[in-house]
Amino acid sequence: MEELRRSLDADPAQAVSLADLAERFGCSKPHLCRAFKRHAGTSILGYLLRQRINAAMVALRSSRDSVLQVAIDCGFADQSFFNRKFRALVGMTPTDYRERAGAGL
C-alpha cells in the first residue's frame with residue numbers, strides 16, 4: 001500500500017482507474033480499497049483528491065495561471081467540480097485563496 005501511496009503522491013494529476021490499480025497490485029478492487037483505507041485512513045479517491053487540492057494550492061500561490069489552468073494541470077476536468085471540492089477542503093474558493101496567499105495568508 002505504501003507503493004500505491006507513493007505513486008499517487010508522485011503524480012496526483014494522473015488519471016486513476018480502480019480496476020487498473022487492482023490489476024497492477026494483483027487484487028480485487030474491494031480488497032485494494034479496504035487495504036488502502038486501513039493503511040492511509042482514507043479512500044484511494046479521497047486521498048488522491050486531497051493530493052490534487054494540495055498541488056493546486058501550491059500552483060495558486062506560485063503561478064499566475066488561471067484557476068481553470070491550475071485545475072486542469074492538477075487533474076480536474078471540470079472547474080466547477082474543482083471549485084466545489086477546493087472550497088469544501090480549504091474553506092474558501094481558489095480565487096480567494098490566491099488573493100489571501102498573495103497577501104501573506
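**Burial, packing and distance in a predicted model**

Author: Let us begin with Glu-2, which is found in helix α1, bearing in mind that this is a predicted model.

Reader: Why is Glu-2 called partly exposed?

Author: The relative accessible area of Glu-2 is 28%, and the class in between runs from the 20% limit for buried to the 50% limit for exposed, so Glu-2 counts as partly exposed. In space, Glu-2 lies 8.6 Å from Phe-36, C-alpha to C-alpha, although 34 residues separate the two in sequence.

Reader: What makes Ala-35 buried?

Author: Ala-35, which lies in helix α3, has a relative accessible area of 12%, and since buried means under 20%, Ala-35 is classed as buried. The C-alpha atoms of Ala-35 and Gln-69 are 34 residues apart along the chain and are separated by 34 Å.

Reader: How do you know that the buried residues of α3 line one face of the helix?

Author: The buried residues of α3 are Leu-32, Ala-35 and Phe-36, and seen down the axis of α3 they fall within an arc of 100 degrees, so they line one face of the helix. An α-helix has 3.6 residues a turn, so residues three or four places apart point the same way. The cover over the buried residues of α3 includes α1, α2 and α4.

Reader: What span does α3 reach, and what is expected of it?

Author: With 12 residues, α3 reaches 16 Å from its first C-alpha to its last, which is close to the 16 Å expected at 1.5 Å a residue.

Reader: Why is Gly-26 counted as exposed?

Author: Gly-26 lies in the loop between α2 and α3, and its relative accessibility is 66%; because exposed means over 50%, Gly-26 counts as exposed. Between the C-alpha atoms of Gly-26 and Ala-59, which are 33 residues apart along the chain, the separation is 35 Å.

Reader: Is Gln-51 buried or exposed, and how do you know?

Author: Gln-51 has its place in helix α4, and its relative accessible area is 19%, which is under the 20% limit, so Gln-51 is buried. Leaving aside residues up to four places away in sequence, Gln-51 touches Asp-9 and Pro-12.

Reader: What makes α4 roughly perpendicular to α6?

Author: Helix α4 (residues 44–62) and helix α6 (residues 79–90) pack at an angle of about 90 degrees, with their axes 10 Å apart. Angles of 65 to 115 degrees count as roughly perpendicular, and therefore α4 is roughly perpendicular to α6. On the α4 side, Leu-49, Arg-50, Ile-53, Ala-56, Met-57 and Leu-60 take part, and they meet Phe-82, Lys-85, Phe-86, Leu-89 and Val-90 in α6. The residues of this contact divide into 9 nonpolar, no polar and 2 charged.

Reader: Which elements does the chain have, and how far does its C-alpha trace span?

Author: The chain has 7 helices and 0 strands, and its C-alpha trace spans about 45 × 20 × 20 Å along its principal axes. Buried residues make up 30% of the 105 residues in the chain. Among the contacts in the chain with a separation of 6 or more, 54% are between residues 24 or more positions apart.

Technical notes:
Residues are numbered from 1 along each chain as its sequence is written. This is a predicted model: local features need pLDDT of at least 70, side-chain atom pairs count only at pLDDT 80 or more; totals for chains, interfaces and linings use all residues. Side-chain values use heavy atoms; hydrogens and water are left out. Helices (H or I, at least four residues) and strands (E, at least two) are DSSP runs, numbered from the N terminus. Buried means under 20% relative accessible area, exposed over 50%, partly exposed in between (1.4 Å probe, protein chains only). Axes are lines fitted to C-alpha atoms, for helices over the stretch in contact, and angles run from 0 to 180 degrees between N-to-C directions. Angles under 35 degrees count as roughly parallel, over 145 as roughly antiparallel, 65 to 115 as roughly perpendicular and the rest as oblique. Contact means heavy atoms within 4.5 Å. Ala, Val, Leu, Ile, Met, Phe, Trp, Tyr, Cys and Pro count as nonpolar, Asp, Glu, Lys and Arg as charged, and the others, Gly among them, as polar. The expected span of a helix is 1.5 Å times one less than its number of residues. The arc is that of the directions from the helix axis to the C-beta atoms.
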